[in-house]
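This report concerns a single predicted model. Please consult the sequence and the structure shown here before reading on.

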Amino acid sequence: MDVMLKRAYEHPAKTDGKRILVDRLWPRGLAKVKAKIDLWLKDVAPSTELRQWFGHDPEKWPEFKMRYRAELKNNPALSELQTLSRQGNITLIYAARDQLHNEAVVLKQILDRST
């Protein structure tokens, strides 16, 4: 089973498997029909406070990862995501421009270690 990452604004592909939006907010300007999201798992996203503190500042990345992992402990949404990742290919969908510093990257690292 593969866990892949893709920006919400990229075209869906047949190889994506189950497409799971992992942002708390719907991607700006993206029509729900065009996004082809199978599941919107808002509760696995960083808290509003953490997201606003981070602001996609690469300098804050190490601290963000640590705080986000702490938020995910005992989070039932993470357990649901882990279960889905064992059932087949999934693509974690995110809206951030920064493809290296976002919550989907952290989630993929966790999922890759748990399979």
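## Setting of asparagine 102

Asparagine 102 is placed in the loop that runs between β4 (90–94) and α5 (103–114). Its relative accessibility is 0%; because buried means under 20% relative accessible area, asparagine 102 counts as buried.

Beyond its neighbours within four places in sequence, asparagine 102 is in contact with His56, Trp61, Tyr94 and Ala96.

## Polar contacts of the asparagine 102 side chain

The side chain of asparagine 102 takes part in polar contacts with the backbone of aspartate 98 and of alanine 104. A polar atom of this side chain lies 2.9 Å from the backbone oxygen of aspartate 98. The side chain of asparagine 102 also reaches the backbone nitrogen of alanine 104, at 2.9 Å.

## Packing of α4 and α5

Two packed helices are described by the angle between their axes and by the distance between those axes. For helix α4 (residues 76–87) and α5, the angle is about 60° and the axes are 10 Å apart. α4 is therefore oblique to α5. The crossing of α4 and α5 is right-handed.

## Residues at the helix contact

From α4, the residues Leu78, Leu81, Gln82, Ser85 and Arg86 meet Leu107, Ile110, Leu111 and Ser114 of α5. Sorted by class, the contact of α4 with α5 has five nonpolar, three polar and one charged residues.

Notes:
Residues numbered from 1 in each chain as written. Predicted model: local features only at pLDDT ≥ 70, side-chain atom pairs only at ≥ 80, totals over all residues. Heavy atoms only, no water. Helix = DSSP H or I, 4+ residues; strand = E, 2+ residues; numbered from the N terminus. Buried < 20%, exposed > 50% of the residue type's maximum accessible area, 1.4 Å probe, protein only. Polar contact = N/O pair within 3.5 Å; in protein donor to acceptor, adjacent residues only side chain to side chain. Contact = heavy atoms within 4.5 Å. Axes fitted to C-alpha atoms, helices over the stretch in contact; angles between N-to-C directions. Parallel < 35°, antiparallel > 145°, perpendicular 65-115°, else oblique. Left-handed = near helix turned anticlockwise from the far one by under 90°. Nonpolar A, V, L, I, M, F, W, Y, C, P; charged D, E, K, R; others polar.
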